[in-house]
Amino acid sequence: MSDRTMTRQVLLFISVLSLSSVHGQVGYSIPEEMAKGSLVGNIAQDLGLDIKRLKSGKARIYTGGSAEYIELNKERGVLLIKERIDREALCGQTTPCALDIQISLENPMELYPVTVEITDINDHSPSFKKAERKVEISESAVTGSKFVLEKAIDPDISFNGLQTYSLKPTVNFILKLHSQADGSKKVEMVLQKPLDREKQEHISLLLTALDGGEPQLSGTMQIHVTVLDANDNAPVFTKPVYTATITENSQKGTVVTTVSASDADKGTNGEVSYLISNGMDSVSELFHINEDGDLILDGPIDYEKARNYQIDIEAIDNGGLSDSSKILIDVSDVNDNSPVINLISKSGSIPEDSRPNTVIAMMSVNDPDSESNGKVNCGINENIPFTIKSTANAFYSLVTDSDLDRERASEYNISVTCSDEGVPSLSSSVTLTLQISDVNDNAPVFERSSYEAYIIENNTPGLSIFTVKARDADWNQNARVSYILEDSSVNGLPVSSYMSVSADSGVIHAVHSFDYEQIKDFQFRVKAQDGGSPPLSSNVTVKIMIQDQNDNSPQVLYPVQTSSSLVSEMVPRSADVGYLVTKVVAVDVDSGQNAWLSYKLQKSTDRALFEVGLQNGEIRTIRQVNDKDVVKQRLTVVVEDNGQPSRSATVNVNVAVADSFPEVLSEFTDFTHDKEYNDNLTFYLVLALAVVSFLFITCLVVIISVKIYRWRQSRILYHSNLPVIPYYPPRYADTLGTGTLQHVYNYEVCRTTDSRKSDCKFSRPCSQNVLIMDPSSTGTMQRMQSEKNILDEPDSPLEQKPPNADWRFTQGQRPGPSGAGGPPEMVMGTGPWPNPPTEAEQLQALMAAANEVSEATATLGPGTMGLSTRYSPQFTLQHVPDYRQNVYIPGSTATLTSNPQQQQQQQQQQQQMLMQQQMATQHQTLQAQSSEAATQPEPPKAAQTPASKKKSTKKEKK
């Protein structure tokens with residue numbers, strides 16, 4: 001078959017061939033031999049279902065136990081070919097050939113039957129069982145003699161099946177076809193011309209079988225005819241068609257029926273033999289016919305596989321003549337199949353609050369037997385809240401018929417039994433195990449309606465008092481009980497500050513220690529809550545009673561103990577026996593036996609004179625007071641409670657034996673009190689002395705360590721060749737001028753507290769303001785208005801103010817090496833040092849050079865340089881040695897020299913400075929007078945960097 005023809009057939013059958021919606025049933029028609037994955041139909045669209053429904057309902061195909069040729073694609077909602085379908089293998093010659101499948105859905109459970117009809121394609125050629133056949137024909141055969149030929153087999157049906165035969169050559173024989181009741185054709189070879197063995201003993205014929213497919217397929221069989229001598233009578237069957245009935249499951253060797261054929265010839269030509277001419281292997285395997293014409297059973301007969309058989313038989317005599325007939329066999333059914341129960345869908349568990357008629361399982365029951373043998377009735381075991389209902393032909397649903405309670409029964413074993421109506425009846429059963437899932441429908445229940453507990457005061461915080469227990473009849477998370485302390489207050493405080501409850505175990509703990517004297521009992525409520533959703537809860541009242549403990553000593557209320565009181569009571573010398581001197585009054589805040597007090601006399605100056613009442617604490621005389629009794633009497637009374645162990649308190653009672661108060665005073669003036677030394681005071685004094693001594697020693701060690709550290713650092717820097725690092729002070733500011741240097745350098749003067757070892761002198765500067773020289777001015781340096789001493793306010797900010805014209809600089813006040821004036825080349829900054837510089841001047845030059853080098857990239861324009869008055873107002877730029885020209889570093893042969901461009905600019909600036917100096921000569925007299933009043937300051941020093949500080953320390957040590 002060509003690819004074009006196949007494509008045309010597929011398109012023809014797929015294009016919405018057959019679609020039916022009767023009772024929700026959908027049908028499709030597809031050709032056989034479609035490739036895997038081919039589209040059968042859009043089942044979601046045809047059933048009106050959403051693809052989401054197919055996914056959520058776990059849609060699947062149920063085939064009833066047969067092979068699965070169709071599969072469901074839930075993503076697209078279509079049916080696809082899962083396995084190649086061979087219509088001939090599936091249905092044989094049965095028409096129509098259809099696959100009955102069911103599509104089941106869950107949540108809720110639904111079932112949709114689908115029928116897929118398999119149409120035939122011309123994929124088989126006609127074939128003969130034997131490729132060759134030998135036929136012996138007597139030469140005496142008359143014209144018109146018939147010779148039955150073997151029929152070809154074509155598994156295809158309809159027009160794709162066997163349609164016609166052809167026979168070549170047709171010199172002696174022609175082909176004649178006879179249509180039969182079953183649709184097949186009987187093939188006969190008819191002699192149309194007498195045979196002559198002497199002319200032609202062997203004749204070769206070619207029988208061709210043709211089908212009606214497109215393209216047309218064919219099969220051939222070679223016929224070899226041998227011409228024999230005369231046998232002119234052919235066997236003749238007594239009946240053209242024989243009928244018989246056989247019961248399924250009949251034993252092998254059973255005679256189904258007997259056929260008979262007669263031959264008018266005599267001798268060997270009249271001997272007839274029988275054979276089955278069916279080309280189907282299934283028939284030849286089940287039956288055979290013997291020489292007597294008995295049709296004997298050779299294999300098992302199953303009504304469910306084939307309900308009737310058609311057998312073609314042939315009678316042949318020894319001369320080669322033959323006749324044909326047909327046997328029709330009907331198979332009678334026997335109840336030999338039990339109902340088959342197939343679970344389509346089932347639920348392993350359902351919640352206990354499921355409503356009645358909730359579907360828990362769907363099943364199909366099939367009995368292949370016929371009539372009453374195939375009728376099935378299903379039932380379930382009794383005394384369970386379920387029932388089974390028939391929803392459609394051979395389909396059943398297992399549903400609930402009453403309320404469920406997991407606490408009463410958490411699992412059911414449901415036995416479904418299906419039996420047919422045959423005799424004897426056959427049955428099948430299946431057992432389903434159904435779990436009842438829990439629903440939170442039971443609240444926790446406490447073991448008691450209320451709880452009481454006792455706890456002794458002064459308990460340990462966190463002490464476990466007792467346990468509340470609640471049980472929940474539910475299961476798992478719904479039965480997990482948590483204990484919660486309900487909000488309430490006790491004496492104005494939340495109950496959680498008194499008690500706590502363990503959420504898991506229900507153990508109640510005391511949060512802190514209780515005092516019976518403050519609280520004797522209280523109650524609160526504990527709630528038990530399960531873990532369900534929503535949670536259920538119940539509560540119970542818990543009463544806590546505090547038990548007293550002997551934790552308080554007796555307190556003496558009378559007599560009051562004071563240090564200033566010398567005499568408490570007075571007893572006249574005329575007192576009789578039993579005279580009430582005083583009464584000791586004491587109380588105990590405990591309760592019960594712990595508050596029972598007893599009084600005893602511990603010490604007494606004269607034990608024979610006084611006694612104390614054991615219960616009332618009354619102090620009385622036990623004898624007559626006489627003159628020999630001392631005036632000063634001291635009694636010590638012990639007050640003891642009845643607790644276990646007991647606690648006590650003592651009280652001292654001073655009793656004076658006298659008749660008058662002046663007598664008492666004269667006797668008690670030299671009363672020596674018992675001196676009680678305060679041990680705590682002595683301890684604190686000793687501790688303070690030790691702390692002060694420790695701090696003094698620690699400070700001394702720290703000071704010595706710092707001194708040693710500084711000395712070692714100075715020695716290290718003295719021996720090292722580290723470069724000088726420029727350091728910019730915090731008050732570094734821009735003058736916004738156009739002078740020689742564009743920035744103001746504020747050098748902080750560091751002075752040590754030890755003036756004997758410092759080269760820096762304490763001098764009061766004339767001004768702490770910034771001095772600015774402007775080329776456009778009269779060439780004088782003016783004094784600023786402020787006269788504050790910078791030493792008084794070391795942290796005050798410096799501001800630039802307009803200059804004062806009251807100041808002049810004399811030639812002797814110009815700073816230079818060691819304070820001396822230099823030659824002009826030195827003033828111009830073009831020559832070397834005029835005098836050998838001192839070590840202090842070398843250090844100053846080094847610091848100035850370091851600062852100038854750090855500003856090497858700055859452009860130096862004409863103008864003045866503002867200088868902080870921390871140096872002296874008598875210090876101008878023209879008097880400053882140009883350290884940028886040649887700077888000598890002590891201990892080194894290197895010389896720091898500025899670049900030529902800067903030197904040229906500096907020379908021009910110096911010339912301008914000289915012109916300004918000539919204009920200022922008229923004010924030198926006033927300048928000389930003011931300079932006598934002020935002390936000439938030393939040249940300013942640059943702000944110290946860490947390296948310069950170490951070098952200064954070295955200089956101080958030298």
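Which residues of the largest nonpolar core touch the most other members? They are Phe 522, Phe 524, Val 526, Val 542 and Ile 544, out of 29 residues in that core. A nonpolar core here is a set of buried Ala, Val, Leu, Ile, Met, Phe, Trp, Tyr and Cys residues joined through side-chain atoms within 4.5 Å. Buried means under 20% relative accessible area, exposed means over 50%, and partly exposed is what lies in between (1.4 Å probe, protein chains only).

A word on the model before going on. It is a predicted one, with local features needing pLDDT of at least 70 and side-chain atom pairs counting only at pLDDT 80 or more, while totals for chains, interfaces and linings use all residues. Residues are numbered from 1 along each chain as its sequence is written, and side-chain values use heavy atoms, with hydrogens and water left out.

**The chain overall**

The protein chain has twelve helices and 57 strands. Both are DSSP runs numbered from the N terminus: helices are H or I with at least four residues, strands are E with at least two. Of the 958 residues in the protein chain, 42% are buried. Take the contacts (heavy atoms within 4.5 Å) with a separation of 6 or more: 68% of them are between residues 24 or more positions apart.

**The cores**

Back to the 29-residue core. Strands that each supply at least two residues to this core include β33 (450-456), β36 (481-485), β41 (521-530) and β42 (537-547). Leaving aside neighbours within four places in sequence, Val 542 is in contact with Tyr 451, Phe 466, Val 468, Ile 508, Phe 522, Gln 523, Phe 524 and Val 526. Apart from this core lies another one of 28 residues, among them Tyr 28, Met 34, Ala 44 and Ile 101. In soluble globular proteins, nonpolar side chains tend to be buried together.

**Rings**

Aromatic rings come next. Rings of Phe, Tyr and Trp (its six-membered ring) pair if their centres lie within 6.5 Å; planes under 30 degrees apart count as stacked, over 60 as edge-to-face and the rest as tilted. By this rule there are 14 aromatic pairs. In one of them, Tyr 498 and Phe 522 have ring centres 5.5 Å apart and planes at 45°, so the pair is tilted. Tyr 498 is in the loop between β38 (493-494) and β39, and Phe 522 is in strand β41, so the pair ties together parts 24 residues apart in sequence. Tyr 498 counts as buried at 7% relative accessibility, and Phe 522 counts as buried at 5%. Ring pairs also link Phe 446, Tyr 451, Phe 466 and Tyr 483 into a cluster.

There's a charge over a ring, too: Lys 520 lies over the face of Tyr 516, at 4.8 Å from the ring centre. That label needs NZ of Lys or CZ of Arg within 6 Å of the ring centre and within 35 degrees of the ring normal.

**Salt bridges**

A search of the whole structure finds 20 salt bridges, each a side-chain nitrogen of Lys or Arg within 4 Å of a carboxyl oxygen of Asp or Glu. Here are some of them.

| Glu 68 | Lys 82 | 3.0 Å |

Glu 68 is partly exposed at 38% relative accessibility, and Lys 82 is partly exposed at 33%.

What about the other two pairs? Glu 188 is buried, at 5% relative accessible area, and Lys 186 is buried at 18%. Glu 618 is buried at 18%, whereas Arg 620 is partly exposed at 28%. Elsewhere, salt bridges that share partners join Arg 87, Glu 88 and Asp 120 into one network.

**Strand β51**

Strand β51 (residues 648-657) is mostly covered, with seven of its ten residues buried. Two strands pair if DSSP finds at least two bridges between them. Strand β50 (residues 632-641) runs antiparallel to β51, joined by nine bridges, and a hairpin of six residues connects β50 to β51. In this pairing, Lys 632 has Ala 656 of β51 as its bridge partner. Strand β44 (residues 569-571) pairs with β51 in the parallel sense over three bridges, and Glu 569 has Val 655 of β51 as its bridge partner.
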